[in-house]
Amino acid sequence: MNAKPIGVFDSGYGGLTILEEFRRKLPQYDYLYLGDNARTPYGSRSFELVNQFTLEAVRYLFGQGCRLIILACNTASAKALRNIQQQYLPSLEYNCRVLGVLRPTVEALGSLTKSGHVGLVGTQGTVQSGSYPIEIQKLFPDIHLESEACPMWVPLVENGEHESPGASYFVKQHLDRLFQRDPLIDTLILGCTHYPLLINQIRKHSPPGLQIVVQGKLVAESLSDYLQRHPEIEELCSKGGSCRYLTTEAEEKFEEMASVFSHTSIRVEQVHLNPL
């Protein structure tokens, strides 16, 4: 039988933090990771381009046998997921699904915040999309959300500067702005898969007792629950315990940078996505 891996898509490297939790929680499945590193970052791009790039990646992963794809990129989840689910998936002849990381993140808030005041740090694209407040309003209309776009955080991580004085400066700058606007925030969403690498800096510059929402484990738990609730999708996912890595950039660059995000040695293949 041909492999039908679970697809994991990210605009770059950050989704490796999600994939690592998938493999820890659900090691029996096959996985296929695709990073669109040649066109990263997505955070500052328009809705139209993010939709186009994400759909190109989804089509490619379906062509590789995936029947379930997780958009591990917050920007892609915020800007492209709804369009793909509503406009693209109904046109397919076979049963398949595309899920994102926003909903599982938001679902956790009800058991975390005591004050009802939540902060979000993310890319410009994620914050400007308004997707987090929309999802929060659906599930927890009494929660107040304050958001802060942090455009320097991803470049700091991808340049290996996440423990540097420069990272400390920019993390403090944005968190100070956030907590000045709402001192009652007791829960902070890390709305980008790069941000767990800044966790030490974030803790250092946050108020004591702050609940920090890191997405990897939450999304892995949600995926496990989804597969249990949808046996018609679960049975389509092959179970060989394998993992392949694909990138639209040079293999050498990806393998070097991937060590920052993953605790395993990675061999990657370069691929080219067909434009729409």
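Colleague: How many helices and strands are there in the chain?

Modeller: This is a predicted model, and its chain holds 13 helices and ten strands. The radius of gyration is 18 Å, close to the 19 Å that the globule rule gives for 276 residues, so the chain is as compact as a globular protein of that length.

Colleague: What box do the C-alpha atoms fill?

Modeller: Taken along the principal axes, the box is roughly 55 × 40 × 35 Å.

Colleague: And what share of the residues is buried?

Modeller: Buried residues make up 57% of the 276 residues in the chain. As for contacts, among those with a separation of 6 or more, 79% are between residues 24 or more positions apart.

Colleague: Let us turn to Asp 10. Where is Asp 10 placed?

Modeller: Asp 10 belongs to strand S1, which covers residues 6–10.

Colleague: Is Asp 10 buried or exposed?

Modeller: Asp 10 is buried, yet it has no salt bridge. The nearest side chain of opposite charge is that of Arg 45, 12 Å away.

Colleague: Which backbone nitrogen does the side chain of Asp 10 reach, then?

Modeller: That of Gly 14, at 3.3 Å. Leaving aside residues up to four places away in sequence, Asp 10 also touches Gly 15, Tyr 33, Leu 34, Gly 35, Asp 36, Ala 72, Cys 73 and Thr 193.

Colleague: Why does Thr 17 count as buried?

Modeller: The cut-off for buried is under 20% relative accessible area. Thr 17 counts as buried because its relative accessibility is 14%.

Colleague: What does Thr 17 touch?

Modeller: Not counting residues up to four places away in sequence, Thr 17 touches Thr 193, Leu 197, Gly 216 and Phe 261. Thr 193 is 176 residues from Thr 17 in sequence, but their C-alpha atoms are 6.5 Å apart in space. Thr 193 is also one of the residues that Asp 10 touches.

Colleague: A new topic: helix H7. Which residues of H7 are buried?

Modeller: In H7, which spans residues 131–139, the buried residues are Ser 131, Tyr 132, Glu 135 and Ile 136. These residues cover an arc of only 130° around the axis, which puts them on the same side of H7.

Colleague: Why do residues three or four places apart point the same way in an α-helix?

Modeller: An α-helix has 3.6 residues a turn, so residues at that spacing point the same way.

How values were computed: Residues numbered from 1 in each chain as written. Predicted model: local features only at pLDDT ≥ 70, side-chain atom pairs only at ≥ 80, totals over all residues. Heavy atoms only, no water. Helix = DSSP H or I, 4+ residues; strand = E, 2+ residues; numbered from the N terminus. Buried < 20%, exposed > 50% of the residue type's maximum accessible area, 1.4 Å probe, protein only. Lys, Arg positive; Asp, Glu negative; His and termini not counted. Salt bridge = Lys/Arg side-chain N within 4 Å of Asp/Glu carboxyl O. Polar contact = N/O pair within 3.5 Å; in protein donor to acceptor, adjacent residues only side chain to side chain. Contact = heavy atoms within 4.5 Å. Arc of directions from axis to C-beta. Rg over C-alpha atoms; globule rule 2.2 N^0.38 Å.
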